[in-house]
Amino acid sequence: MEPSGMEALARTGLVPDAPCELAGQAALVTGASRGIGRAIALALAAGGARVMVGYLRQREKAEAVVEQICRAGGEAEAIQVDVRDAAACEAAVAATVRRFGQIDVLVNNAGTALEKLLVDTSLDEWDDLVAVHLTGMYACTRAALPHMMARRYGRVITISSIWGITGAAGEVAYSAVKAGQNGFTRALAQEVGPFGITVNAVAPGAIDTEMNQFLQGDDLADWLARVPVRRLGTPEEVASLVRYLAGPQAGFITGQVISPNGGVVV
Ligand code: NAP
């Protein structure tokens, strides 16, 4: 009997036998109760990773992600971690290591947006964005690195934004912290590369999540007219890139800011 198309392809060695490239690995994803973080947690679990599902307020949604992973035969646990609190970040990394024995993948995803002119941005709002996007990333990464360095393997992936690349009027504070994440990524990659740890940022364009619910009607149409593929991205499209970067096959990619954005920034 002739082999099926897939079997014939597999015989060429072009298709990996097992899709579980992350089997045995442990991951912590912050802000994984919904949106992009949720899709990342599910994608890493689909790759075989055991996943700590971070959330801030929406415990039920985080538990639903855990249930979905466990029902499919995976392993996951929800953990509350306000990334503005460095001690909570350290505790989340420690809990990941306690539960799974290691931490191989850290995804700094938790985030909030702020659509305001700089002249209308208060110091409290500025401080809050810095705390969420920069201090949170710093604290989670700093806590995870010693574990990764000891095992000479690790993947640090931060979800920044196209606005960290180009900047956006009306989102100066958000652009500043996202650019900070990109700078952190480029510098840290050089520092920890010798330990087998890669550090990358994924900088999405507009993705269809609650964060973008304000984008409706004419505003949405105006935005889509600027995007060559004429649509918002999906959380799953970001997550599949993160899953790729988290895998052992991506070991030569580090210090990069990779932007799934539908062509709006080229
Ligand atoms: P989202 O749907 O609004 O979800 C935000 C997630 O972050 C939720 O899980 C939320 O937890 C969590 N979170 C918020 N503040 C937190 C804090 N202080 N500590 C810990 N967790 C916190 O957002 P998203 O669209 O998925 O965005 C995820 C990341 O992608 C963010 O870093 C964002 O800046 C970036 N990004 C998004 C887009 C986009 O178009 N959506 C584009 C570029 C970049 P609870 O559910 O418990 O509140």
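Analyst: **From the surface inwards**

At 66% relative accessibility, G73 counts as exposed. The cut-offs are these: buried means under 20% relative accessible area, exposed over 50%, and partly exposed in between, with a 1.4 Å probe and protein chains only. G73 sits in the loop between α3 (59-71) and β3 (76-80). Helices (H or I, at least four residues) and strands (E, at least two) are DSSP runs, numbered from the N terminus. A45 is 28 residues away from G73 along the chain, with 9.3 Å between their C-alpha atoms.

A word on the model. It is predicted, so local features need pLDDT of at least 70 and side-chain atom pairs count only at pLDDT 80 or more, while totals for chains, interfaces and linings use all residues. Residues are numbered from 1 along each chain as its sequence is written, and side-chain values use heavy atoms, with hydrogens and water left out.

A search of the whole structure turns up one cavity of 30 Å³ or more. On a 1 Å grid over the protein atoms alone, a cavity is a set of points where a 1.4 Å probe fits but cannot get out; lining residues have an atom within 4 Å of a point. The largest cavity has a volume of about 60 Å³. Grid points are joined across faces, edges and corners, and the volume is the space filled by probe spheres set on the points.

What lines the largest cavity? T30, V83, N108, N109, A110, V132, H133, G136, M137, I159, K178 and Q181 do. α5 gives the most, with four residues. By type, the lining divides into five nonpolar, six polar and one charged. Here Ala, Val, Leu, Ile, Met, Phe, Trp, Tyr, Cys and Pro count as nonpolar, Asp, Glu, Lys and Arg as charged, and the others, Gly among them, as polar.

Next comes T158, in strand β5. T158 is buried, at 0% relative accessible area. Its contacts, neighbours within four places in sequence aside, are N108, M137, Q181, T185, N200, A201 and V202. Contact means heavy atoms within 4.5 Å. N108, M137 and Q181 are among those partners, and they also belong to the lining of the largest cavity.

S33 gives a loop view. Its place is between β1 (26-29) and α2. S33 is buried, with a relative accessible area of 8%. Beyond its neighbours within four places in sequence, S33 touches R38, G54, Y55, Q58, K61, A62 and V65.

Last, helix α9. It covers residues 235-246, has 12 residues and reaches 16 Å from its first C-alpha to its last, close to the 16 Å expected at 1.5 Å a residue. The expected span is 1.5 Å times one less than the number of residues. Which residues of α9 are buried? They are P235, V238, A239, L241, V242, L245 and A246. These cover an arc of only 160 degrees around the axis, which puts them on the same side of α9. The arc is that of the directions from the helix axis to the C-beta atoms. An α-helix has 3.6 residues a turn, so residues three or four places apart point the same way. The buried residues of α9 pack against α2 (35-46), β4 (105-108), β5 (154-159), β6 (197-202) and β7 (257-258).

Conventions:
On a 1 Å grid over the protein atoms alone, a cavity is a set of points where a 1.4 Å probe fits but cannot get out, and a pocket is an open set with protein on both sides within 12 Å along at least five of seven lines; lining residues have an atom within 4 Å of a point.
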